[in-house]
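Please keep the sequence and the structure in view while reading.

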Amino acid sequence: MEDILYAPWRDEYVTGKKIDGCVFCHISSHADDDTEQHVLYRDEYCFMVMNIYPYTPGHFMIIPHMHTDKLEDLPAETWLHMSALAQKGVRLLKEGLKSQGVNIGMNLGKAGGAGIAEHVHMHLVPRWERDTNFITSIAQTRVYSTDFDKIYQKIKSLIPKYIDAN
């Protein structure tokens with residue numbers, strides 16, 4: 001076997017504690033573990049958390065506290081709040097992380113490509129010209145160019161300016 005990619009950051013996935021039930025509901029109900037869970041922000045409607053298997057550095061999600069797999073069942077108030085956070089999140093990524101673009105997406109249901117299909121969530125993925133997106137297609141490999149915790153701390157430090165600000 002010649003194609004081996006060493007990925008020690010995935011050790012936690014294999015050896016770490018397992019969460020029973022919905023991982024997003026677990027994060028929602030365990031605010032005391034926000035730093036360990038890489039939560040960036042939370043309020044009465046939803047929370048923002050780093051994607052621990054990101055496509056690019058800074059990839060985070062906006063997740064409602066309400067457990068549902070149906071976007072159409074989400075209260076309009078919650079959906080509008082998530083949308084407002086997405087606007088603020090895009091500004092944070094563009095200005096704070098200097099991303100040149102952002103992908104926003106929701107994969108609804110297993111057939112729609114959702115990795116965690118039982119709880120709706122919105123992805124914000126920062127992008128840069130000439131980033132490494134092509135390698136996923138041609139080499140079935142993803143490159144993450146910086147330290148995950150360093151990016152988490154950077155985005156967390158920007159929350160008061162971009163998310164908490166009116």
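Thr 78 is found in helix H4, residues 76-96, where helices (H or I, at least four residues) and strands (E, at least two) are DSSP runs numbered from the N terminus. The model is predicted, so local features need pLDDT of at least 70 and side-chain atom pairs count only at pLDDT 80 or more, while totals for chains, interfaces and linings use all residues. Residues are numbered from 1 along each chain as its sequence is written, and side-chain values use heavy atoms, with hydrogens and water left out.

With a relative accessible area of 9%, Thr 78 is buried; buried means under 20% relative accessible area, exposed over 50%, and partly exposed in between (1.4 Å probe, protein chains only). Leaving aside residues up to four places away in sequence, Thr 78 touches Tyr 45 and Pro 64, a contact being heavy atoms within 4.5 Å.

| Group in H6 | Residues |
|---|---|
| Buried | Phe 148, Ile 151, Tyr 152, Ile 155, Leu 158, Ile 159, Tyr 162 |
| Exposed, on the other side | Lys 150, Ser 157, Lys 161 |

Taken whole, the protein chain has 6 helices and 5 strands, and of its 166 residues 37% count as buried.
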